[in-house]
Amino acid sequence: MTVQMAVRKKGWSRKQKRLGIIAGLGLVLALATTLVLIALRDQIVFFYSPSDVIAREVAAGTPIRLGGLVADGSWVRTGQENDFAITDGAETVAAHYTGILPDLFREGQGVVAEGAMQEDGTFKATNVLAKHDENYIPKEVVDALKASGEWRPETAQ
C-alpha cells in the first residue's frame, strides 16, 4: 500500500480539499452578494421619477435622486432660493433648492436633483444636476470641426 492510498483511505485527498474550500468560498460569496442586493434593492435605482416617488410613497427624510423635466412656468428664483417643479409628464413634484443652479438649468430641461422628500410632499434638493440634450457638442469640438472644414451647423444646435 502506497502513502497516497493510505491518505485517501483516511479522508479527502488534497485536490478534494481544495475543491471543497473553493466551493465553500463561492457559496459564501454568493450568499454575501445576495444579502447586499436584497438590502439595496430600492437604492440601486439611479434616480426616481415623480411617478415612482408617489407610487412608492418614499418616506420623508430618505435621501433619493429625483429626475425629470423642469415643468414649464414653475421656476421662481428669489436670490439663491429656487422653487420649481419636476415632472415626468404623469406626475409633478414641487422642489426647493438653495444655491446657485447649473448654467444648463432651465424650464423644459432634464434635471436630476439629490435630496429628500419633506413631510409636506415637496422635495428639498441639496444638489441639482442639469442634463444637456443629446445634440450637445462641446465648444472645443465645434471649433475643431470648423477648423477642419467638417462643421455642419444643420446637424447641431
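Me: Hey, which residues does valine 128 touch, leaving out those up to four places away in sequence?
Reply: Valine 128 touches Phe84, Tyr97, Leu101, Pro102, Phe105, Val112 and Ala113, with residues up to four places away in sequence left out. Keep in mind that this is a predicted model.

Me: Got it. And what about the largest nonpolar core, which residues there touch the most other members?
Reply: Phe84, Phe123 and Val128 do, out of 19 residues in that core.

Me: Which elements give two or more residues to this core?
Reply: Strand 1 (63–70), strand 3, strand 4 (92–98), strand 5 (110–117) and strand 6. As a general point, nonpolar side chains in soluble globular proteins tend to be buried together.

Me: Let's zoom out. How many helices and strands are in the chain?
Reply: The chain has four helices and six strands. Reading from the N terminus, the order is α-α-α-β-β-β-β-β-β-α.

Me: And how much of the chain is buried?
Reply: Buried residues account for 24% of the 157 residues. On contacts, if you take those between residues at least 6 apart in sequence, 45% join residues at least 24 apart.

Me: Back to the strands. How do strand 1 and strand 5 run, parallel or antiparallel?
Reply: Strand 1 and strand 5 are antiparallel, joined by seven bridges. Glycine 67, for example, stands opposite valine 112 in strand 5. That valine is also one of the residues touched by valine 128.

Me: What about strand 1 and strand 3, how many bridges there?
Reply: Two bridges, again in the antiparallel sense. Valine 70 has isoleucine 86 in strand 3 as its bridge partner.

Me: OK, new topic. Where is asparagine 82, and is it buried or exposed?
Reply: Asparagine 82 is found in strand 3 (residues 81–87). With a relative accessible area of 2%, asparagine 82 is buried.

Me: Which side chain does asparagine 82 have a polar contact with?
Reply: Tryptophan 75, side chain to side chain, at 3.1 Å. Setting aside neighbours within four places in sequence, the residues in contact with asparagine 82 include Trp75, Arg77, His96, Tyr97 and Leu101.

Me: Last stop, the annotations. Which residues does UniProt list for "binding site"?
Reply: The UniProt record, an unreviewed entry, lists His132 and Tyr136. Histidine 132 lies in the loop between strand 6 (123–130) and helix 4 (139–148). At 44% relative accessibility, histidine 132 is partly exposed.

Me: What is histidine 132 in contact with, beyond its neighbours within four places in sequence?
Reply: Leu104 and Gln109.

Me: Tell me about glutamine 109 then. Where is it, and why does it count as buried?
Reply: Glutamine 109 sits in the loop between strand 4 and strand 5. Glutamine 109 counts as buried because its relative accessibility is 10%, and buried means under 20%. The side chain of glutamine 109 also makes a polar contact of 3.0 Å with the side chain of arginine 106.

Key
Residues are numbered from 1 along each chain as its sequence is written. This is a predicted model: local features need pLDDT of at least 70, side-chain atom pairs count only at pLDDT 80 or more; totals for chains, interfaces and linings use all residues. Side-chain values use heavy atoms; hydrogens and water are left out. Buried means under 20% relative accessible area, exposed over 50%, partly exposed in between (1.4 Å probe, protein chains only). A polar contact is a pair of N or O atoms within 3.5 Å; within protein, one must be able to donate a hydrogen and the other to accept it, and residues adjacent in sequence count only if both atoms are side-chain atoms. Contact means heavy atoms within 4.5 Å. UniProt positions are given in the numbering used here, feature names are shortened, and annotations may be inferred rather than shown by experiment. A nonpolar core is a set of buried Ala, Val, Leu, Ile, Met, Phe, Trp, Tyr and Cys residues joined through side-chain atoms within 4.5 Å. Two strands pair if DSSP finds at least two bridges between them.
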